[in-house]
2 protein chains.
Amino acid sequence: MHTRQELEKVHKRILPYIHKTPVLTSRLLNELTGADLFFKCENFQRMGAFKMRGATNAILKLSQEQQQKGVVTHSSGNFAQAISLAAKTLGVPAYIVMPSSAPKVKKEAVKTYGGNITECPPTLKDREETAEKIMRETGAAFLHPSNDLDVILGQGTAAMELLEEQNDLEYIVTPVGGGGLVAGTSLAAHFFGKNCKTIGAEPFEVDDAYRSLQSGKIETNKTTNTIGDGLKTQLGDKNFPIIRQYVSEIIRVEEIEIIEALRLIWERMKIIVEPSSATALAAVLREKEKFRNRKVGIVISGGNVDLNQLPF
Amino acid sequence: MHTRQELEKVHKRILPYIHKTPVLTSRLLNELTGADLFFKCENFQRMGAFKMRGATNAILKLSQEQQQKGVVTHSSGNFAQAISLAAKTLGVPAYIVMPSSAPKVKKEAVKTYGGNITECPPTLKDREETAEKIMRETGAAFLHPSNDLDVILGQGTAAMELLEEQNDLEYIVTPVGGGGLVAGTSLAAHFFGKNCKTIGAEPFEVDDAYRSLQSGKIETNKTTNTIGDGLKTQLGDKNFPIIRQYVSEIIRVEEIEIIEALRLIWERMKIIVEPSSATALAAVLREKEKFRNRKVGIVISGGNVDLNQLPF
């Protein structure tokens with residue numbers, strides 16, 4: 001269904017609008033894990049997260065006519081910022097539906113990137129209805145943060161670049177939220193790696209993806225009590241089949257393990273990453289035996305944190 | 001007195017033992033300052049600070065016989081860690097005198113890097129006496145964190161590398177503490193820049209270097225009430241003459257400006273830097289007119305922060 005050529009086309013399409021982010025290594029973290037780690041630093045991506053890739057690809061795939069009418073999404077996180085900045089860069093109007101409860105810093109960030117915010121009550125139903133109203137009024141196209149093939153393929157380009165730089169990786173580990181990143185990564189690992197397995201990392205508190213792979217159908221979360229605020233969402237019908245086919249397993253981690261991994265990355269690598277991103281290193285630390293002496297890619301998903309809300 | 005060749009020799013000498021750190025740029029910080037900024041990221045240096053350069057050079061300059069007896073320093077900060085790691089790398093014993101009041105994290109870091117700690121009461125007199133006692137007993141050589149020519153030349157190699165990558169800088173701004181970094185930087189700017197001026201950045205709270213340049217003699221600080229914990233020390237007779245000759249000016253900044261600059265670097269560049277390092281960006285923000293449309297190098301001195309003691 002998907003092809004190597006398709007991913008290459010996506011990468012070429014978005015390349016003028018994204019940063020080719022660096023791959024960092026850390027002697028200390030290699031010693032600590034016993035593995036050879038290669039961190040693909042999407043925290044240095046434009047607007048601070050990999051979501052810039054998928055958002056850019058999805059907007060570029062729209063027709064000229066559709067681009068003039070604009071795009072709409074409902075998100076309180078990085079995708080709202082990504083759509084805002086990608087749309088601004090491409091001269092496309094962006095309408096962002098945000099729950100009134102969203103943190104002020106997130107609203108400010110969307111405004112900085114030029115997105116038009118419409119606030120709504122903080123339920124999924126209200127968000128969807130508000131987005132639909134905007135679509136009717138403006139003709140804007142709805143873009144989903146993770147359950148959209150163009151978004152998924154865009155997210156996969158981070159792992160493509162990682163494998164371009166380090167083509168002998170045996171594993172790539174990414175956090176799992178809505179499933180866009182891990183699905184895109186698994187396609188990239190399949191087409192550009194040499195027997196490179198994709199592993200998802202997920203908090204126990206929101207282990208819907210783990211349970212979905214067990215049961216064979218999309219499961220939901222009863223609580224969202226995790227520090228990985230980008231990981232609370234569930235899989236969708238577009239990314240779940242890809243994940244079933246190409247992701248070899250999901251490793252679940254405790255909240256305390258995420259915080260410890262977060263601290264290690266901040267203190268040892270001197271880079272700012274989001275709690276969600278630390279989930280991947282936490283998984284490697286939790287299952288040391290699996291990764292010992294292996295070459296392991298880790299996708300650092302983003303670096304947008306509220307410095308007033310740190311877990312340290 | 002000093003020569004271009006001397007600096008080149010120092011750089012060649014230490015190169016196998018240090019990281020060649022990256023030079024980062026930030027579109028957002030360029031927009032905010034109106035200048036073209038080039039950040040030399042010594043927070044990514046081994047042990048997390050530029051001090052690794054001077055420590056390595058100073059130890060390598062000792063005779064074989066002296067290296068066997070070891071080195072001693074009194075410091076509660078990055079230099080203690082730098083001497084410990086450089087000495088360990090070179091197979092040299094390192095004795096570190098630390099005030100009993102030093103934060104536990106700093107003691108732990110020195111131990112991790114293999115330094116032998118001797119604690120003493122927290123006065124300069126006690127520190128000096130304890131260091132002298134160790135010198136008598138072990139024959140170890142004393143190394144000063146900033147008032148030592150080999151240390152100064154070592155620190156200058158960061159700016160050498162910066163100018164190698166970006167040879168048209170009009171200014172290089174560094175924080176000023178004991179004076180080793182700014183003195184070494186000014187020599188590098190003089191010998192490797194094209195009319196590149198060196199500017200020091202110093203907190204108003206500890207503006208001894210500013211006052212020293214005014215009065216023509218080494219001034220001391222009455223208080224040490226600054227968040228820039230690496231900047232509390234005073235100049236010495238080895239670096240002051242260099243600073244007088246080659247540093248064009250010192251810009252002083254308020255504590256609140258340092259914290260704002262720190263936050264900007266963390267949030268916008270997604271890198272962890274020490275409060276001391278943020279002083280340089282604070283100086284550029286404070287004197288925007290001077291730097292507008294100029295190419296400005298900024299030496300990010302280090303990234304060792306206690307995450308439990310953040311000013312946010």
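Visitor: Which backbone oxygen does the side chain of Thr279(B) reach?

Guide: In this predicted model, where local features need pLDDT of at least 70, side-chain atom pairs count only at pLDDT 80 or more and totals for chains, interfaces and linings use all residues, the side chain of Thr279(B) reaches the backbone oxygen of Ser276(B) at 2.8 Å. Residues are numbered from 1 along each chain as its sequence is written, chains are lettered from A and ligands numbered from 1 in the order in which they are written, and side-chain values use heavy atoms, with hydrogens and water left out.

Visitor: Is Thr279(B) buried or exposed, and what does Thr279(B) touch?

Guide: Buried means under 20% relative accessible area, exposed over 50%, and partly exposed in between (1.4 Å probe, protein chains only); Thr279(B), at 0% relative accessibility, counts as buried. Thr279(B) belongs to helix α13 (residues 275-286) of chain B, helices (H or I, at least four residues) and strands (E, at least two) being DSSP runs numbered from the N terminus. Contact means heavy atoms within 4.5 Å, and, not counting residues up to four places away in sequence, Thr279(B) touches Ala201(B), Glu202(B), Pro203(B), Leu231(B), Val253(B) and Ile258(B).

Visitor: How should I read the interface of chain A and chain B, and what area do the chains bury between them?

Guide: The size of an interface is often given as the accessible area lost when the parts come together. Here buried area is the accessible area (1.4 Å probe) that two parts lose on being put together, summed over both, and chain A and chain B bury about 1800 Å² between them, with 58% of it on carbon and sulfur atoms. Lys270(A), Ile272(A) and Leu307(A) supply 36% of the area that chain A buries against chain B, more than any other three residues. In terms of contact, 20 residues of chain A meet 20 residues of chain B.

Visitor: Which residues have the most contacts inside the largest nonpolar core?

Guide: In soluble globular proteins, nonpolar side chains tend to be buried together. A nonpolar core is a set of buried Ala, Val, Leu, Ile, Met, Phe, Trp, Tyr and Cys residues joined through side-chain atoms within 4.5 Å; the largest one has 70 residues, and Trp266(A) and Trp266(B) have the most contacts inside it. Leaving aside neighbours within four places in sequence, the residues in contact with Trp266(A) include Leu310(A) and Phe312(A) as well as Trp266(B), Ile272(B) and Leu307(B).

Visitor: How many salt bridges does the rule find across the interface, and how many over all chains?

Guide: Side chains of opposite charge can pair when their charged atoms come close. A salt bridge is a side-chain nitrogen of Lys or Arg within 4 Å of a carboxyl oxygen of Asp or Glu; by this rule there are 0 across the interface of chain A and chain B, whereas the count over all chains comes to 40. One of these pairs is Glu161(A) with Lys40(A), at 2.7 Å from N to O. This pair links distant parts of the chain, with Glu161(A) in helix α8 (residues 149-165) and Lys40(A) in strand β2 (residues 36-41) of chain A, 121 residues apart. Glu161(A) is buried at a relative accessible area of 2%, and Lys40(A) is buried at 1%.

Visitor: What is the accessibility of Glu137(B), which pairs with Lys133(B)?

Guide: Glu137(B) counts as exposed at 58% relative accessibility, while Lys133(B), at 45%, counts as partly exposed. Their closest N and O atoms are 3.3 Å apart, and both residues lie in helix α7 (residues 124-138) of chain B, 4 residues apart, about one turn of the helix.

Conventions
Polar contact = N/O pair within 3.5 Å; in protein donor to acceptor, adjacent residues only side chain to side chain.
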